[in-house]
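Let's take a walk through a protein together, one piece at a time. Keep the model open beside you and find each part as we come to it.

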Amino acid sequence: MNFLPLKHYYRSLAVALIVPLLVAFILCLHLYNLKLERSQESRQSSFNNISAQLGHAMHAADGLIDTMFKLYEQPLSYDFDPNWARNVNQFDHYYYQPIKGGVGEIVGQGKFASTAFALTQWRQVLALGPSFNTTLALIQSLQGVAYVNEQGFVYIKRRSTAESELLTSVLDNKFRPSRLNDKALASSAVITVNGHAYFAIGKRRALQSDDYIILIYDLEAISKWLMKIAPSNGEYIFINQDNQVIASSSKVLKTAINADDYWPESEINKNTKSHSHLVQPSSDLPIYTRYFESQKALSGPVRYDMFIEFVFLSVFLVMMFSAVFWLSQRIFVKPMTHLMNYLEKHDEGQHTLVNYRIPADWQPWFSRVKRVFTRNEELVQSLQEANKALDSQVQVKSKQLRRSIDAKERHLALLNTMLNNVPDLIYFKNIDGSFLGCNKAYESYIGLPQEKLVGQQLCDISDDNGELSELERQVLQDRQVYQKRLVTNDKTYHLSIAPFYNEHQQLLGTMAIGRDITEQHAALNALQSSEAKLRSAMEYAANGVILLSLDYRVLQMNKAARKIFSLERSDTLSSQYRLDDLFGEQSLDTLKGTLLELLSEKKKVYHFSLPQQEQKCWLQISVSLVWNGEKNPDYFVVHVQDITDLIQAKNDAERATLAKSRFIANLSHEIRTPLNAVLGLIDVIALQGLSLEQRTHAEQAKSAANSLLSLLNRMLDFARAESSQVKLTKAPFSLSDLINYCEGIVAPLCKTKGLEFSVECDEKNQF
């Protein structure tokens, strides 16, 4: 039997078990964090111990090297055999001499010369032999101790003298520390010689000296020493000043490894609680320590302990819960189950109880349940009678509802007829964007009947880019009308989208009406294009154009006008200027008077010129008045042209003409005097008795002189004409006499040049 309260009871019991388990889990998680912190503290303590041992070893090495320098500077008495310097092994580019008794070896570059300086140097370095031997004995990881002079001299004591390449590396300063100084120890890079990796720590003797002492270590020996003193958890490494790993507690290193690439960067950069990464400060040490332990190695044992504790605690809680559950079954669950079984049998018409002995504490409850069932039977009978009365009322209401549905259907048919006869596009959509209906115009537009359109979305039947759907969602969200212009291949629609509601003001969806505005849109585009062309024609016109209101306020000004009035670079808008800002006082009065005459006389155009005193120029002004559709004056159109160059050219031409006229007048007066003398002399010669030919020539000379005098008079007349001081007089003359006169002057000249000159006259015409 499925009794819902018992199901909830079982769920409550399950929750009662889960909650303690969750508390136990949280407690174990807290203990896990505590143990993890203690593990990290233990790693920090071990790291500090290793760092202290390394620091102590470095300070001891620093003290040894300082003691060696003191022995070098103040050598003790040493039994030095000069013959050692006489039998030196000389090679091509270096010399080599082992010292007897295992004291050490001397090697140098070039050719050895047995000078006093060389012997003194040998005596000083050989005094370092006992200290070198002591150092090698004390420090087992040392491969050798060397005194190096950077000028090519080395004294070295090695643990093994088998590898001569090591001597070459020391002599070539390959073991010289990169940060060598006289204050603190410095470390060199790792050098590989015959498959063995070495590095050195050393110190300079003095600040300006060129010699130093180095301690040469074997990487394998240092790694073994570190593995001996380091704990087993995690990995400790030693790093030199060149950022190279020289020793590891987990493996023996035989070559140098860059410290940045030794451990995975992703593991180091994780949360510090999940792993341990420690670094020793390396400010004054040639070698410093780093430690890293992965998340798995650090937290694995702790997780295992916490898992065992959580299992024991969970087993204890489950056992306690089992005992409580068994007791609840006997005291409460089993009687309640039989009670519910009795109720179920009673509903089926069976009034007998199952074979179950009812506990004494539950018998009153069973009696109450029986009385309740009896009362329920009485209530069911009264409910059946009330149900019959309700059925009759429902039938009456159903008839009324059917009549109401018929009226709504008639209204709906009328509405559909109206919608289908409207030329605009109309459609309805649900809240989810699916179509509810549309009119015939939208069916023609979309290409689908309403039956196939209903229930689909716009993206399912057309290539909608989502813009219209987004606008419909915005309408539903803001609950207000939005408008949009819908452009197709051949038509343009003005689309209005609005939300619609039911009688209870509940939002049902969206309704859209699209009106065909193709013709209006084309007319608007044509009007805008015409207006843009007109504006461009005005803006880039060669002459300045100003649109002026009736109260003399500048409405618009083109580029040429702004240039004429020096407004090209002004940031002020043209519409903020008035006529007073463009013209001077005198020109302004003239222009305003003309504008008033244009208003009163209604003349089409006025043309006049104005001086512009501020710009020192002349302007050609053309003013016209524009009338609106109601025959009222709207605004003035002022055309402005800069004619300063034309006025200047006119004035220059007038001055040149006046100067020419004065020159011609003066020249004519100057020539007339000697010409009169020539005429007098010709008359005197004619009175002295000339031959016929001479008299003819004299008459021709006199005629030419008179012609020249007439020409001068005409030049004077021309000058007077240019200065408007001449008056024309009409007089008769003989054309034949004029031609004969011209022939008499030109014929002799042509004869001297071998030219033929003839005059032909029509005998029928008498002049």
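Which residue stands opposite Phe 428 in β16? The residue facing Phe 428 there is Gly 437. Before we go further, please remember that this model is predicted.

Let's look at the strands around that pair. Strand β15, residues 425-430, and β16 run antiparallel and are joined over 3 bridges. They belong to an open sheet of 5 strands, in the order β16-β15-β19-β18-β17, with antiparallel pairing. At the edges of this sheet you will find β16 (435-438) and β17 (482-487), each of which pairs on one side only. If you look along the sheet, neighbouring strands are turned by 25 degrees against each other on average, direction ignored.

Now move on to another open sheet. Here 5 strands follow the order β21-β20-β24-β23-β22, and the pairing is antiparallel. Because β21 (554-557) and β22 (605-612) stand at the edges with a single partner strand each, one side of each is left without a neighbour in the sheet. Neighbouring strands in this sheet are turned by 25 degrees against each other on average, direction ignored. The partner of β22 is worth a visit: 8 bridges join β22 to strand β23, residues 617-627, and the two run antiparallel. Along this pairing, Pro 611 stands opposite Trp 618 in β23.

Next, find strand β5, residues 153-158. Is this strand mostly covered or uncovered? Strand β5 is mostly covered, with 6 of its 6 residues buried. You can check both faces: Phe 153, Tyr 155 and Lys 157 are buried on one side, and Val 154, Ile 156 and Arg 158 are buried on the other. Strand β5 also has strands to pair with. With β3 (residues 104-109) it pairs in the antiparallel sense over 4 bridges, and Gly 108 stands opposite Phe 153. With β4 (residues 142-149) the pairing is again antiparallel, over 6 bridges, and Val 148 has Val 154 as its bridge partner. The hairpin of β4 and β5 has 3 residues between the strands, and Gly 152 in this hairpin takes a positive phi near 110 degrees.

Let's finish with charged side chains. The count comes to 15 salt bridges. One of them joins Glu 309 and Lys 35, whose closest N and O atoms are 3.3 Å apart. This pair links distant parts of the chain, for Glu 309 sits in helix α7 and Lys 35 in helix α1, 274 residues apart. Glu 309 is partly exposed, with a relative accessible area of 33%, and Lys 35 is partly exposed at 28%.

How far apart in helix α9 are Glu 443 and Lys 440? They are 3 residues apart, which means that about one helical turn separates them. Their side chains meet in a salt bridge at 3.8 Å, N to O. Glu 443 counts as buried because its relative accessibility is 14%, under the 20% cut-off, whereas Lys 440 is partly exposed at 46%.

Finally, Asp 683 and Lys 702 form a salt bridge, their closest N and O atoms being 2.7 Å apart. Asp 683 lies in helix α16 and Lys 702 in helix α17, so the pair ties together parts that are 19 residues apart in sequence.

Key: Residues numbered from 1 in each chain as written. Predicted model: local features only at pLDDT ≥ 70, side-chain atom pairs only at ≥ 80, totals over all residues. Heavy atoms only, no water. Buried < 20%, exposed > 50% of the residue type's maximum accessible area, 1.4 Å probe, protein only. Pairing = 2+ DSSP bridges. Axes fitted to C-alpha atoms, helices over the stretch in contact; angles between N-to-C directions. Salt bridge = Lys/Arg side-chain N within 4 Å of Asp/Glu carboxyl O.
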